[in-house]
Amino acid sequence: MFSESVLRLLTEDLLVRVLEKLGSDADRKSWRLVCKEFLRIESLTRRKVRILRIEFLLGLLQTYCNIETLDLSVCPRIDDGAVSVMLSHGSLNWTKGLRRLVLCRATGLGYRGLGQLIRACPLLEAVDVSHCWVFGDREAAALSYATRLKELKMDKCLGVTDVGLASIAVGCSNLKSLSLKWCFEISNLGIDLLCKKCLDLEILDISYLKLTSESLKSIASLSKLEMLVMVGCSFVDDVGLRFLEKGCPHLKAIDVSRCDFVSSSALTSLVSGRSSLLQIDARYCFLELSFPLVECLKNLQNLTVIRIDAVQVSDLALQIIGTSCKSLLEIGLSKCIGVTNMGIMQLVSGCGKLKILNLTCCRFITDVAISAIAESCPHLICLMLESCDMVTEKSFYDLGSRCLLLEELDLTECSGINDRALKYLSRCSGLLTLKLGLCTNISDVGLAYIGCNFPKLAEIDLYRCVCIGDDGLAALASGCKELIKLNVSYCNRITDRGMEYISYLGELSELEMRGLVNITGMGISKVAVNCRRLADLDLKHCEKIGDPGCWAIAFYAHNLRQINLSYCAVSDVVLYLLMGKLKRLQEVKLVNVSEATVRGLELGLRASCGRIKKVKLQTSLSLLLSSEILDMLHLRGCKIRWD
Amino acid sequence: MQHSNQQRCEDPSMSDYGIRMETLFKECNQACGTKSLLPCGSNDGIKIPNQENCQMGDTSQTGKLQDWDPSIMLENLSFLEDKIHQIRGLLHLIANKKGQQLGQPDEIITQEKQLITANLTSIIVQLISTAGSLLPSVKLAASNTSPSVGQHGQIPGITFPSGLGPSSSSIQPQHDIRDKISDQSNQIDLTNMCEMEQNHMEEHELKDEEDGDEGENLPPGSFEILQLEKEEILAPHTHFCTICGKGFKRDANLRMHMRGHGDEYKTPEALAKPNKESESEPKLIKRYSCPYPGCKRNKDHKKFQPLKTILCVKNHYKRTHCDKSYICSRCHTKKFSVMADLKTHEKHCGKDKWLCSCGTTFSRKDKLFGHIALFQGHTPAIPLDESKAPVGQADMEITENNNNNNNNKGGSINLSFGSNASSCENGIQNMMNVKGITDDPISYLSSLNFETCNFGEFNDFPRPPFEDTTKGSFPFLMSESFNYSPKCGGESCPNNLL
């Protein structure tokens, strides 16, 4: 009764303000469990819902009627029928305020359902239908009902042609952001019409489309365009960039990565004189960072991001960039040729604000460069040093003492890394992501340092860290309770005991453990039972897991969304159970599943048909599986990848 | 070809042009339909040259006609009277000889028919052309300035038939077609020739664009400007047989035709090109002017752009200054004034797959997109054919049926789909009718188990198939699964929000 009186003091608005302070989902969950009043407040103020299971869809929509964002991307079985049920059952209050709809990978959905859903939500401003590879012009036409749409992402909607794009361009003329990446059927005509109808476009992604320079002529007429992403437009050449040069006065970001026919000089003339430019992406674009381009970078004082992967650079060029572009927050030099210690030192000396630095495969840099980075860039958040072999523990002493804001560190294949290096990093307590793949010198001691020092760690990659064992995992599991993503593939010393430690990680969602030959069904059962959030599990080549392990997975890992059982010994029955019982399962890899027969596989596929969106099978099965099941999978929006 | 010709003539929806033609047809058919013998056909045949002469004089005068001379008008009128008299005589003959027709052998009958037809045709042509010359030339005389008079002499490109003056051919279309049709019964060769000719003509027309000379920049005076009269332009044929009056588009075809009129026309000399030597002389470049006053192609226009060939003139004039009297027989909407344009259109008509929401169709995607870019609110319409249904209804049902027959798979599909198949079916049934879905959601619910938060459906999940299909290990497994199932149901709703 005392608690009641306390709560009476807390008026609704006060509760709302308290709730607003709660960031993480776990905290919100605890809040919900306090009492009905708290639950009610939470449901009234919740703005975003991500549905994991279709069973709860209707109930959740009724509870959270004030949502602005509805995410159905990971919900299985979103099809036309489901949509019509959603819209015909209970109150439709939730549609009234809905502004953002995420239907990414909703491959089962057709134009009827999509149309119904879009029409039901009058205020819809953003829709994401990316990776709905079955989508075509009809679906695009359905999208065009959303007349207030400002943001549309339709990456990899393979069937959408110019006609579909035209419907959208005409219907949604207020579009500000549009991504058409991988919509291969779209041509110049569609883009031209888009640019005539959607004059408010600010962000446009036309990556990998088969467009020519003619399209850029149309795009140049977009006076409000701020960001143009055209990765891999290999038919666009300098002529196209010349068009852009004259148009798009507000352009802030341009990405010409992998545009094979765009030359350095064309980019130079586009960039020069645009002092408002903030971001330049020219990865894998030209061979050399030409001097004129570097010269014109001098004028870009506001430039915050520059990524020039796989380009030959000189010390002088890096020096000019470093001394003139003082606002740089991110530099990408991945796989650049000619990156030296001197170059890096001169680059970072001027970039005091730098937050992200990618030096992947810059093999010639040593501790000297890293020390210079640590010295000059105290705000560094992300440092990628994959394959920088010459970097040793000494670097990490400097990093650990100066770059205390580090959140992401990629040290894959840095063979100079050892346990002591990890010890030096101990002061970077905010570290979220740590990649130590192929760092064979890391042992359980190193993992103990990690466990002690990085309580917030969300992702760790220990791929082929062959020296680590169960004890290391014990330390890791006891310290890094927030771990979401763990990769222990080919760490062969891990046994079932290690699995037990892993099972203590309550937040674990992705576990990759390929080739762990010592793990049996017992070990994986513990993970399946305790890691309730497990969504992605890779068991490739875990040959001892067998039926009992998969059984446990089938019955306990309800949230599993992806599983790789390739080269595992699973029998027909268990495979069938697994596929049938895991209601969230959407992606399965079943290459060379020993002990499973064709019939078993077929049964399993049937059991999961409708939910499953992607299957990987060995090629030899393409003839053995009945055409019915293949057709059926295809019709329900499931893509089969033949290995 | 034949078909389209007939269509052209029979289409009642055609403009006055067509109607006029029809009435003339009747006359002609009547004339021909009498099918009587003409005993003095030979006499008539002899007469024709006289008539020609007569007309020759006439033609020389038609040039002056434009000056609107009453005396010439009178002359013309008397000429008309003569001609009417001649026709009357002919018809009388036909009427009298009707009875004698029976005993004659077929060959003679057909020969005589031909003669009569030829005579009638030529007389009527002369009649009409003279009559026609009376009226429209007045207008032209008013609109055309003096140079045009001089030009009449300078049209070597077209060798006019002796009997027809340049400005007197306004009614020639009728002549042509009537001729063709009336010939169809008895002069098949000729008809064929005609048709062949038209084929040539069309191909030619398709290639020649009236605006082909757009970029040409000849200095003024470096070329000779010729202006044909409206009637000449509209006349389909420019070469006429002096014997039967049949018209041709090419002299070569006329020469071929002449062979049928006697051996004297079969000599190589007669068949050879008449004035070959004249070609060797240096010629002034010829350019053409459109007779339509105010037209950019008219030589009086400030920015006069001459037309390159007579064909260009013809096409230009028809396209720009004439009614579009040819209507597409497929879509009944598109109209053309040039036959070849119609033919071109008809080749693609119906194949217009690019459809706008306003109902307009386009044969080309870029045209549709241009249209959409121009008009607010228009969108491309997506054809309604259901080539790819998002969830294949038929296939699904079929597979299901198949599987029911097949015990092994049948059970499993009923199961695994359990909820799914029915929802699918239902969805499909309702797909055509969206209302249906909203009206009847219960069917989904029963199958999809939407509302239940527990995993009750797990219990009834894999049971039947295994019981049906497999014995041995499966039932055992099932019992295991039951033991686990309560645990599965333990999850609470909020857990499922990430």
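The structure is a predicted model, in which local features need pLDDT of at least 70 and side-chain atom pairs count only at pLDDT 80 or more, whereas totals for chains, interfaces and linings use all residues. Residues are numbered from 1 along each chain as its sequence is written, chains are lettered from A and ligands numbered from 1 in the order in which they are written, and side-chain values use heavy atoms, with hydrogens and water left out.

The largest nonpolar core comprises 218 residues, and within this core A:Ile219 and A:Met513 touch the most other members. A nonpolar core is taken as a set of buried Ala, Val, Leu, Ile, Met, Phe, Trp, Tyr and Cys residues joined through side-chain atoms within 4.5 Å, where buried means under 20% relative accessible area, exposed over 50% and partly exposed in between (1.4 Å probe, protein chains only). The largest contribution to this core, seven residues, is given by helix α25 (residues 546-556) of chain A; helices (H or I, at least four residues) and strands (E, at least two) are DSSP runs numbered from the N terminus. When neighbours within four places in sequence are left aside, A:Ile219 is in contact (heavy atoms within 4.5 Å) with A:Ile191, A:Cys195, A:Leu204, A:Ile206, A:Leu225, A:Leu228, A:Leu244 and A:Cys248. A second, separate core consists of eleven residues, among them B:Ile233, B:Leu307, B:Val313 and B:Tyr317.

A:Leu537 belongs to strand β20 (residues 536-538) of chain A and counts as buried because its relative accessibility is 2%. Apart from neighbours within four places in sequence, the contacts of A:Leu537 include A:Met513, together with A:Leu511, A:Ile524 and A:Ile553. The C-alpha atom of A:Leu537 is separated by 10.0 Å from that of A:Leu486, a residue 51 residues apart along the chain.

Five aromatic pairs are found over all chains. One of them joins A:Tyr463 and A:Tyr490 in an edge-to-face arrangement, with 5.8 Å centre to centre and 90 degrees between the planes; rings of Phe, Tyr and Trp (its six-membered ring) pair if their centres lie within 6.5 Å, and planes under 30 degrees apart count as stacked, over 60 as edge-to-face and the rest as tilted. Because A:Tyr463 lies in the loop between β17 (459-461) and α22 (470-479) and A:Tyr490 in the loop between β18 (485-487) and α23 (496-502) of chain A, the pair ties together parts that are 27 residues apart in sequence. A:Tyr463 is partly exposed at 26% relative accessibility, whereas A:Tyr490, at 17%, is buried.

Positive phi values near 65 degrees occur at A:Trp182 and at A:Ser387, neither of which is glycine. A:Trp182 is located in the loop between β6 (177-179) and α11 (188-197) of chain A and is partly exposed, with 23% relative accessibility. A:Ser387 occupies the loop between β14 (382-384) and α19 (393-402) of chain A, and its relative accessibility of 2% places A:Ser387 among buried residues.

Chain B contains 24 helices and eight strands, and buried residues make up 45% of its 498 residues. Of the contacts in chain B between residues at least 6 apart in sequence, 64% join residues at least 24 apart.
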